Each structure stands twice: as structure tokens, then as C-alpha cells.
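Below are my notes on the model you sent. They are set out as numbered points.

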Amino acid sequence: MLGSLDAGALGLGCMGMSEFYGEADETESIATIHRALELGVRLLDTADMYGVGANEELVGRAIADRRDQVVLATKFGIRRDPADPTVRGVRGDAAYVREAAEASLKRLGVDHIDLYYQHRVDPSTPIEETVGAMASLVEQGKVRHLGLSEASAETIRRAHAVHPITAVQSEWSLWSRDIEAEVVPACRELGIGIVPYSPLGRGFLTGRFQSQADFAEGDFRLTTQPRLAEGNFEKNLAIVEALRALAADRGVTAGQLALAWVLAQGSDVVPIPGTKRRKYLEENVAATGIVLSSDDVAAIEAAFPADAVAGERYPEAAMKTVNR
């Protein structure tokens, strides 16, 4: 549960269906969304910046005849220049909140968004202004629940004082555990659900990538992820190999064990592993059936110690946009 929102145990991140992870395949992506709904995965996560709106349009087409089966989440706040999508900025002023919401509703082809996140906190706009504008969308029936992404514990508390925050989305996995110190306790104090993105370490924790050559041409991970840079890649792969050995002893994949670890963090945690293929979706859903004891969790953490991870999760400039 995400606060009062029943989003199921597992969601589906849709970002890679349109951009960042190599060549897109709309037919398979839509089939993956439909298969997710068949398997009981209800939470679909997108954002207006994914594919510069294209991902919202894709999700909208996929759910057009099955809207009532979906908990639809999207995000605003990272603004990309349509002429040059590599140019980005962050906006959270009230006028932009209203503008972004209307644009997302149109692209998605829906009359309301179930969970609307601020994608990144705008340091030039008080969070009270941003959330106040988001709250107005709730009053108008255009949005049902509010969320924040990559916000600090202090920002979460300030936002929640303006309007109840249902969910906080942040990267959380075996190799990204920084939110455990302050963000997770703050969310639990306030009754806010937690939505971990990249719970499989952008696919690296599955063990599928044994060398940099295993990534598709144009995959953004090789150029933007310090943990996959030469030197760090090899060190982190050694830890993944330890995870793979532990998973093999249980008869599951490394990815399933890594995802089961995230799921074991609490009933208020709903991870959104991203995929654009039914094969990997089904593997991820199967992880919800893995029950870990406290001893199992301890063994996984011993095999994959957080302090052994080499490299930051984002480049230096991008790290300045998180936890603020």
C-alpha cells in the first residue's frame, strides 16, 4: 500500500519503452503493459520527460480500453527542450504545474492521473508553492494522489504539511541505499508509501551484463552511469557474481533475489522495475513469490555490502538534483 492508495505489490516502470535503453519496440512494449495487467500489476509509471512526451502517449494508447485496471502515475518537473532534448531544466512554479498537468492528461488520453509526482524539486521555487498547485489539481479532480521524487526528508515534511503526500519515489536497491538514513524513516513517520525505481540497478544486478559490450548501441547507461564506467564496472560485477551465487543456491535468478530484497523492506514499499519485454516482466513478477526471512536478508546484504559499491549512482551534476 502507498498510504491510502492500493497500488499492488509491484509496479512497472515504462521509461525504457520510449528512450534511453536502446531501440524502442512499441508493439512489444504495449504487449508488455497488457501482460502486466493480466498478471495483476496495476501501477504503471511514466513521466512527461520520457521521450519528450512520447512515453505518456504510448502508455495512453496501451491503456485506452482498460483504464479502470490501472493505477496511473506520471511526473512533471524536468523540462527538456524539444529542439534539443539534452538541454534540461527543473521547474516547479505554480503556473508550470498547471501547464504540465494539462499536457500530461492530453497525452495520456485520460481525465485524471492517479498519482502525480514532482519529478525533481525545483530549488528556485518553495515546495509549498509547488505542492499547493498540485493540491489544486486534486480539488479539481484531475489528480487523485500526490507524490515527490528524489526529495529530502525535510522537503517531504514541508510538502506533507501543505497536502498529504501519498508516495515518495527514489532509487532504492542493493547498491543504492542512501534513502535508508533519513527519507525512509520520514516517510514511515508520516504514513507515506515508498516507490523504489531502478530496484535492479538499471538491470546490472541481474547479472545479464558481463561486459560493456553487452549493452545495446545508444544505451544511456554506459555514458551516464559512473558505476558502469571502466574500473567501477569490474568491481561492481564482482559483487553481482556473489549475488548470483546466492541466488543459484535458492534456484532463482540474481535479479529475482535483488528484487525480493527490495520487496522485503516493507508492505509500504512498491518497487517499479522497468522493462519493455514480457520475458523480463514475468521474471520480475515471479519475484513477488519469494519469501525472505530476516536471516535471508542478512545473508544477501553480507554478499552485497553497500559500502563495496564503486561509483556514484549519477554523475556529479545530476547528483545535485537529488535529495533536495
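1. Contacts in the protein chain with a separation of 6 or more are made, for 77%, by residues 24 or more positions apart; contact means heavy atoms within 4.5 Å.

2. On provenance: this is a predicted model, in which local features need pLDDT of at least 70 and side-chain atom pairs count only at pLDDT 80 or more, while totals for chains, interfaces and linings use all residues. Residues are numbered from 1 along each chain as its sequence is written, and side-chain values use heavy atoms, with hydrogens and water left out.

3. The protein chain holds twelve helices and nine strands, taken as DSSP runs (helices H or I, at least four residues; strands E, at least two) and numbered from the N terminus. Its radius of gyration is 19 Å, close to the 20 Å that the globule rule gives for 324 residues, so the chain is as compact as a globular protein of that length. The radius is taken over C-alpha atoms, and the rule is 2.2 Å times the number of residues to the power 0.38. The C-alpha trace spans about 55 × 40 × 35 Å along its principal axes.

4. Of the 324 residues, 54% count as buried, that is, under 20% relative accessible area (1.4 Å probe, protein chains only). Cys14, at 0% relative accessibility, is buried, and Cys187 is buried at 1%.

5. How many disulfides are there? The count is zero, a disulfide being a pair of cysteine sulfur atoms within 2.5 Å.

Methods:
Buried means under 20% relative accessible area, exposed over 50%, partly exposed in between (1.4 Å probe, protein chains only).
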